[in-house]
Structure formats: structure tokens, C-alpha cells
Amino acid sequence: MPAYCRAYLLSELRSFPGFPAGGRPEDAVVYVWDDLSVVDSPVSATPTVLWSGAGTDWREFCEKELGFAVPADLVGDDRAAG
């Protein structure tokens, strides 16, 4: 189970080629988890997965364009994903 997430505006993620348009507004807040999946809620027992987070291009986009990274104090912790 993912342990860390960060909030983004959906419009930021939609700049990735192939990210699904969906029916949500551009200013909706969504959450990228440490496994790079995107969900609608960080606390729901059954969040809606908006994007699976698969692929090298997606990882590079998250790291370079969004600045996504697990905080250094969680790296090495068994909760942090590599």
C-alpha cells in the first residue's frame, strides 16, 4: 500500500500526453502516490484511481515536471517507495 502522496491540480497532470481527460474540472485537486498512481482522495477507503502511474515517461514527468519525490526523511523508511 502506498504511504506518501502529494496534492496537485488536475490541470498540472493533464499536461502529460495521454493523461485521461475525465469529467473533472481543471482546478480539481488530485493526489499522486509514491507508486505514481493518481487518486481523487488521499483518505478514502476506496479512492477512485484516475491513472495507474505506469511507465518510465510518467515517472520522468512526475519527477522533472511536477517535482514529485518522496521526502528525504522517508527515504529508507519501509513506507517509502523506490
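**Exercise 1. Determine the strand order of the sheet and identify the strands at its edges.**

Solution. The open sheet has 4 strands in the order β1-β2-β3-β4, with antiparallel pairing. Here strands (E, at least two residues) and helices (H or I, at least four) are DSSP runs, numbered from the N terminus, and two strands pair if DSSP finds at least two bridges between them. At the edges stand β1 (5-9) and β4, each with a single partner strand, so one side of each has no neighbour in the sheet.

The model is predicted: local features require pLDDT of at least 70, side-chain atom pairs count only at pLDDT 80 or more, and totals for chains, interfaces and linings use all residues. Residues are numbered from 1 along each chain as its sequence is written, and side-chain values use heavy atoms, with hydrogens and water left out.

**Exercise 2. Describe how β2 pairs with β1 and with β3.**

Solution. Begin with β1: it runs antiparallel to β2, and 5 bridges join the two. Within this pairing, C5 has W33 in β2 as its bridge partner.

Proceed to β3. The pairing of β2 with β3 is antiparallel over 2 bridges, and Y31 stands opposite V39 in β3. These two strands form a hairpin with 4 residues between them, and L36 in the turn has a positive phi of about 70°.

Finally, consider burial, where buried means under 20% relative accessible area, exposed over 50%, and partly exposed in between (1.4 Å probe, protein chains only). Of the 5 residues of β2, 4 are buried, so β2 is largely enclosed by the rest of the structure. For the protein chain of 82 residues, the buried share is 33%.

**Exercise 3. Count the salt bridges and state which parts of the chain each one connects.**

Solution. Side chains of opposite charge can pair when their charged atoms come close. The criterion is a side-chain nitrogen of Lys or Arg within 4 Å of a carboxyl oxygen of Asp or Glu. Under this rule there are 3 salt bridges.

1. E26 and R14 meet at 2.4 Å, N to O. Both E26 and R14 lie in the loop between α1 (10-13) and β2 (29-33), so the pair ties together parts 12 residues apart in sequence. E26 is partly exposed, at 42% relative accessible area.
2. D40 and R24 meet at 3.8 Å, N to O. D40 belongs to the loop between β3 (38-39) and β4 (49-51), and R24 to the loop between α1 and β2, so this pair ties together parts 16 residues apart in sequence. D40 is partly exposed at 26%, and R24 is partly exposed at 34%.
3. E63 and R59 meet at 3.9 Å, N to O. Both lie in helix α2 (residues 56-65), 4 residues apart, or about one turn of the helix. Their relative accessibilities are 42% for E63 and 34% for R59.

**Exercise 4. Characterise the aromatic pair W51 and W58.**

Solution. A pair of aromatic rings is described by the distance of the centres and the angle of the planes. Rings of Phe, Tyr and Trp (its six-membered ring) pair if their centres lie within 6.5 Å; planes under 30 degrees apart are stacked, over 60 edge-to-face, and the rest tilted. The structure holds 8 aromatic pairs. For W51 and W58, the centres are 5.4 Å apart and the planes stand at 55°, so the pair is tilted. W51 and W58 are both buried, and they belong to one aromatic cluster together with F16, F19 and F61.

**Exercise 5. Locate E65 and give its C-alpha distance to L13.**

Solution. E65 is placed in helix α2 and is exposed, with a relative accessible area of 59%. From L13, E65 is 52 residues apart in sequence and 9.3 Å apart in space, C-alpha to C-alpha.
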